[in-house]
Amino acid sequence: MYRYTSAEEQTFTRDEPTVLSYAVLGCFTFWLYAFGPAVTLLREELGFSYTLLGVYSVVWSLGAAVAGAAFAQVARRTTRGVLLWSSAAATIGGAALFTLTRSVPATLLAAALFGLAGATLLTVTQAILSDRHGSRRDRALTEANIGAGASAVVAPLVLGALAATVLGWRAAFALPGVVLVVLYLRYRRASLPAVPRSHAAGRRGRLPLACWLFAVLTAVSSAIEFCLVYFGPQMLLGTGLSAAAAGTALSANYLGILVGRLLGARITRRAGRGVPLLYGSLALTGAAFVLFWLAGHPALAVAGLFLCGAGIANLYPIALSLTLDASDGREDQANARSQLVLGVVAAASPYLLGSLADRHGLTVAFALEPVLIGLCVLLLWAGLRHARPA
């Protein structure tokens with residue numbers, strides 16, 4: 001157990017539920033960030049189109065949307081521990097199906113299971129951190145995403161390294177499963193926060209408008225990242241890199257995410273800094289994407305990816321924290337609805353980008369990204385405006 005020394009920070013404690021949540025989120029993120037480069041390599045093996053590549057994202061995201069629609073009701077009927085470990089087991093099953101089969105239908109089914117079980121695993125982890133840390137959930141979520149950022153850096157590197165060996169890239173998908181089994185053996189008897197009574201009772205009523213605006217902000221900010229994850233390697237192919245090199249080069253984006261989250265965790269040690277951090281992150285993301293988008297040289301494109309990662313890093317955790325803060329005591333419902341909206345938006349945006357790429361070319365299709373960034377700015381402004389009276 002670790003504690004900060006200042007009087008202001010002593011209330012934030014990294015206890016067993018917190019450490020467990022951080023580790024589980026890291027495992028899920030490894031799969032999430034390995035999935036995009038893996039689909040690129042799968043496309044090279046099976047020879048399908050950009051549109052079908054986008055379908056993998058759609059299927060994953062629709063699974064996540066189903067998880068978001070059902071989470072609040074399921075969470076009222078079971079404990080955090082049962083939900084955590086059952087969703088972890090199901091996600092391991094999705095990884096096994098994705099790697100042990102070599103056909104489009106089977107791998108699409110695996111993507112759906114990945115989305116459903118993985119989103120449940122993510123949502124219950126976020127719920128545990130929210131239950132445990134309350135008003136300081138912004139810090140907990142930001143710190144949790146540092147480990148996620150580290151996994152994002154490691155995942156494509158491990159994938160690329162194994163792709164060059166006799167084991168192949170599929171072996172990378174077994175690693176998070178092994179870690180989750182170890183975590184279960186270590187923490188299966190850990191005392192996780194109980195579901196708050198207001199959640200268990202199914203508190204009725206609509207979520208406030210500000211909560212919905214921040215939930216959509218969470219989803220759209222994630223869509224910015226997903227479009228880069230799925231199609232960033234394809235864009236790098238146009239600079240002269242091979243498919244394996246392009247998948248590995250995507251690690252620059254993930255390294256930027258890790259650096260950005262380390263800075264974000266430091267900034268959010270004091271309350272009230274989340275909104276300025278969010279505005280600054282959106283500005284950096286916009287400028288960095290222009291560099292990546294227009295660069296014709298591999299080094300400039302990779303530099304743009306790194307800076308995009310630094311900008312994207314804190315969009316999701318801070319936007320989610322704003323969503324939960326604006327929920328008027330309905331955190332489970334807000335958490336679930338944010339994942340539902342995220343699933344729909346994350347499904348639509350890469351599919352739309354892939355369809356545009358097939359018709360007009362990938363460079364033109366990537367014009368979708370500045371639109372999403374501008375929409376995030378408007379959603380943040382509108383959410384804050386409606387949240388002020390409360």
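The following paragraphs lead from the overall build of this predicted model to individual residues.

Because the model is predicted, local features require pLDDT of at least 70 and side-chain atom pairs count only at pLDDT 80 or more, while totals for chains, interfaces and linings use all residues. Residues are numbered from 1 along each chain as its sequence is written, and side-chain values use heavy atoms, with hydrogens and water left out.

The chain contains 16 helices and 2 strands; these elements are DSSP runs (H or I of at least four residues for helices, E of at least two for strands), numbered from the N terminus. For 390 residues, a compact globule would have a radius of gyration near 21 Å, and the 20 Å of the chain agrees with this. The radius is taken over C-alpha atoms, and the globule rule is 2.2 Å times the number of residues to the power 0.38. Along the principal axes, the C-alpha trace spans about 55 × 45 × 40 Å.

Of the 390 residues, 58% are buried, a class defined by under 20% relative accessible area, with exposed meaning over 50% and partly exposed lying in between (1.4 Å probe, protein chains only). The accessible surface comes to about 15300 Å², and carbon and sulfur atoms account for 65% of this area. Such areas come from the Shrake-Rupley method with a 1.4 Å probe, and for residues only the protein chains shown count as cover. Contacts are heavy atoms within 4.5 Å; among those between residues at least 6 apart in sequence, 83% join residues at least 24 apart. As for charge, the mean positions of the 29 positive and 16 negative charges are 5 Å apart. Lys and Arg count as positive and Asp and Glu as negative, without His and the chain ends, and each charge is placed at NZ of Lys, CZ of Arg, CG of Asp or CD of Glu.

The structure holds 16 aromatic pairs, in which rings of Phe, Tyr and Trp (its six-membered ring) have centres within 6.5 Å; planes under 30 degrees apart count as stacked, over 60 as edge-to-face and the rest as tilted. Trp-60 and Phe-114 form a stacked pair, at 5.2 Å centre to centre and 25° between the planes. Trp-60 lies in helix α2 (residues 50–77) and Phe-114 in helix α4 (residues 104–133), so this pair ties together parts that are 54 residues apart in sequence. Both Trp-60 and Phe-114 are buried. An edge-to-face pair is formed by Phe-292 and Phe-366, with 6.0 Å between centres and 90° between planes. Phe-292 belongs to helix α11 (residues 274–294), whereas Phe-366 sits in the loop between α15 (362–365) and α16 (368–387), and the pair thus links distant parts of the chain, 74 residues apart. Phe-292 counts as buried because its relative accessibility is 1%; Phe-366 is likewise buried, at 0%. One aromatic cluster comprises Trp-31, Phe-35, Trp-60, Phe-98, Phe-114, Trp-169 and Phe-173.

Helix α13 (residues 315–325) is mostly covered, with 10 of its 11 residues buried; among them are Leu-315, Tyr-316 and Pro-317. Ala-313 occupies the loop between α12 (298–312) and α13 and is buried, its relative accessible area being 0%. Leaving aside neighbours within four places in sequence, Ala-313 contacts Gly-256, Ile-257, Gly-260 and Arg-261.

Beyond neighbours within four places in sequence, Asn-253 is in contact with Leu-228, Leu-305, Phe-306, Cys-308 and Gly-309.

Tyr-351 lies in helix α14 (residues 331–360) and, at 35% relative accessibility, counts as partly exposed. The C-alpha atoms of Tyr-351 and Gly-54 are separated by 4.4 Å, although these residues are 297 apart along the chain. With neighbours within four places in sequence left aside, the contacts of Tyr-351 are Thr-51, Gly-54, Val-55 and Val-58.

Arg-206, finally, is found in the loop between α7 (197–200) and α8 (209–237) and is exposed, with a relative accessible area of 78%. Arg-206 and Asp-328 are 122 residues apart in sequence and 9.6 Å apart in space, C-alpha to C-alpha.
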